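Visitor: I have a model open and would like to go through it piece by piece. Can you take my questions as they come?

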Amino acid sequence: MPAIPASLRLANQATILERLLGRKAATRAELAKATGMSKPTAGKIIDDMIRAGVVEEVKIVDGVRPGVGRPGNHVRLATSRPHFIVMALGVESTKIAALPPAPPETEHWDTEFQTPENADAWLERLIQAARHIEIKRPWAVLLSTPGIVDERGGRVLLSPNLHWSENADLVWMLKQVWAAPVALVQEVRALALGELGARPDADDFLMVDIADGVGGALMLRGRLYNGVLPLSGEIGHTPIPGNLRPCGCGGRGCLETLASERGLIQSLRDAKGSGSTFADVVRAVQRELPTWMRATLDAVATGVGAALNIYGVRRVVLVGRVTELPTAATDYLSAAIQRAAVWSRFDAVAVILAPKRFARGLLMAGIHKFVMPMDWSGAS
Ligand SMILES: [Zn+2]
């Protein structure tokens with residue numbers, strides 16, 4: 001067999017992996033066709049990845065003609081052995097899972113602990129939690145963090161709801177626990193990756209998380225949009241006229257101070273003089289939407305609509321607390337976004353309420369960052 005240049009080999013390997021991320025399994029012939037390589041040449045790359053534990057052979061019987069499918073003819077991303085540590089650092093809790101290369105269908109965590117209020121305590125809790133994780137030498141560790149994150153530099157630049165993470169060397173800390181490459185993934189970008197392939201026809205969308213904070217990320221043609229600056233869809237720090245609340249970012253009047261969980265609770269208290277939980281907010285807007293809630297949803301819709309109009313995307317995926325609001329509120333928000341998105345004059349604009357898929361998104365990031373560019377031909 002003629003030698004393939006390493007760069008071409010890696011490009012073809014990446015194409016094969018991309019195919020497998022987008023579907024549950026594929027035949028060797030389909031994968032060869034996707035790369036435009038001969039079956040033996042593609043087969044060699046697939047065999048190397050099977051040996052390395054990246055993909056596995058699977059018996060799939062042709063659904064139409066039972067018994068016709070040849071065992072071993074299909075391959076998929078490996079499901080058996082965990083090779084990645086994925087972690088979500090949240091304001092409330094830190095969650096950890098060990099996962100195989102195949103993206104999980106449902107959110108799953110092996111262990112979690114309450115996120116403490118300083119870096120030293122976090123590392124201590126992490127070391128304890130790592131004892132529950134049955135993977136000694138992971139291929140990589142992926143950590144999602146909220147805030148403005150310099151993913152390349154492995155630093156959190158600003159985290160209005162988790163300020164201690166700004167001065168913490170999270171990558172160094174994780175390397176104390178696991179001898180593996182570490183990558184930080186901005187939280188909403190991780191959620192956007194988690195949405196990729198989770199539903200059909202969803203390669204272009206704006207992801208908006210409305211929870212402790214309000215953040216966004218943009219997926220264009222199946223790739224996370226990267227700006228020049230380490231900023232990702234900071235829709236939550238857009239000032240809203242008439243809003244004077246101070247924000248954790250140092251600014252004033254940010255959308256986040258209205259639409260985040262805390263912002264909604266504060267608005268309820270300002271209007272009614274009582275209410276201290278998100279459940280109180282849900283109850284207060286159950287029958288009809290108070291003026292403050294309409295104004296807040298209008299502000300969200302303005303920001304989301306502007307982003308859809310600028311990027312030429314006709315789909316927004318909403319996750320977080322916003323999906324737990326009563327239908328009257330989510331319907332109102334959906335209609336307001338449709339009005340704000342100019343594409344609605346021509347065709348449908350989709351507003352989708354979705355669950356958070358952190359584990360899946362981090363795993364996707366792990367495949368993109370570490371598995372695709374790795375030459376597995378020498379791996380044992
Ligand atoms: Zn702000």
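Guide: We can start with the whole chain and then take single elements in turn. Keep in mind that this is a predicted model.

Visitor: Fine. How many helices and strands does the protein chain have?

Guide: The protein chain has 12 helices and 15 strands.

Visitor: What is the radius of gyration?

Guide: The protein chain has 23 Å. A compact globule with 380 residues would be near 21 Å, so the value agrees with that rule. Along the principal axes, the C-alpha atoms fill a box of roughly 75 × 55 × 40 Å.

Visitor: And what share of the residues is buried?

Guide: Buried residues make up 42% of the 380. As for contacts with a separation of 6 or more, 60% are between residues 24 or more positions apart.

Visitor: Which domains does the assignment give?

Guide: The assignment gives domain 1 (6–80), domain 2 (84–192 + 359–371) and domain 3 (199–355). The centres of domain 1 and domain 3, taken over C-alpha atoms, are separated by 40 Å.

Visitor: How many of its residues are buried?

Guide: In helix 12, 12 of the 14 residues are buried. Among them are Phe-358, Arg-360, Met-364, His-368 and Val-371.

Visitor: What about the length of helix 12?

Guide: At 1.5 Å a residue, its 14 residues should span 20 Å, and the end C-alpha atoms are 19 Å apart, so the two agree.

Visitor: Which residues of helix 1 are buried?

Guide: Asn-12, Gln-13, Ile-16, Leu-17, Leu-20 and Leu-21 are buried in helix 1. What covers them includes strand 1, helix 2, helix 3, strand 2, strand 3 and helix 12.

Visitor: Switching topic. Which strands does strand 11 bridge to?

Guide: Strand 11 is joined to strand 12 by 6 bridges, running antiparallel, and to strand 14 by 5 bridges, running parallel. Ile-210 takes part in both pairings: its bridge partner in strand 12 is Val-214, and its bridge partner in strand 14 is Gly-320.

Visitor: How many residues are in the hairpin link to strand 12?

Guide: The hairpin joins strand 11 to strand 12 through 3 residues.

Visitor: Are the faces of strand 11 covered or open?

Guide: Both faces are covered. Phe-205, Met-207 and Asp-209 are buried on one side, and Leu-206, Val-208 and Ile-210 are buried on the other.

Visitor: What does the hairpin of strand 8 and strand 9 look like?

Guide: Strand 8 and strand 9 have 4 residues between them, and Gly-154 in the turn has a positive phi of about 65°. The two strands pair in the antiparallel sense over 3 bridges, with Val-149 opposite Val-156.

Visitor: Which residue other than glycine has a positive phi?

Guide: Arg-221 is one of that kind, with phi near 50°. Most residues other than glycine have a negative phi. Arg-221 lies in the loop between strand 12 and strand 13.

Visitor: Buried or exposed?

Guide: Arg-221 counts as exposed, because it has 7 C-beta neighbours inside 10 Å.

Visitor: Last one. Where is Gly-197, and what does it touch?

Guide: Gly-197 lies in the loop between helix 6 and strand 11. Leaving aside residues up to four places away in sequence, Gly-197 touches Leu-21, Gly-22 and Pro-103. Gly-197 is buried, with 20 other C-beta atoms within 10 Å; the cut-off for buried is 20 or more. Gly-197 and Val-316 are 119 residues apart in sequence and 15 Å apart in space, C-alpha to C-alpha.

Conventions: Residues numbered from 1 in each chain as written. Predicted model: local features only at pLDDT ≥ 70, side-chain atom pairs only at ≥ 80, totals over all residues. Buried ≥ 20, exposed ≤ 12 C-beta atoms within 10 Å, placed from the backbone. Pairing = 2+ DSSP bridges. Expected span 1.5 Å × (residues − 1). Domains from an automatic or database assignment. Contact = placed C-beta atoms within 7 Å. Rg over C-alpha atoms; globule rule 2.2 N^0.38 Å.
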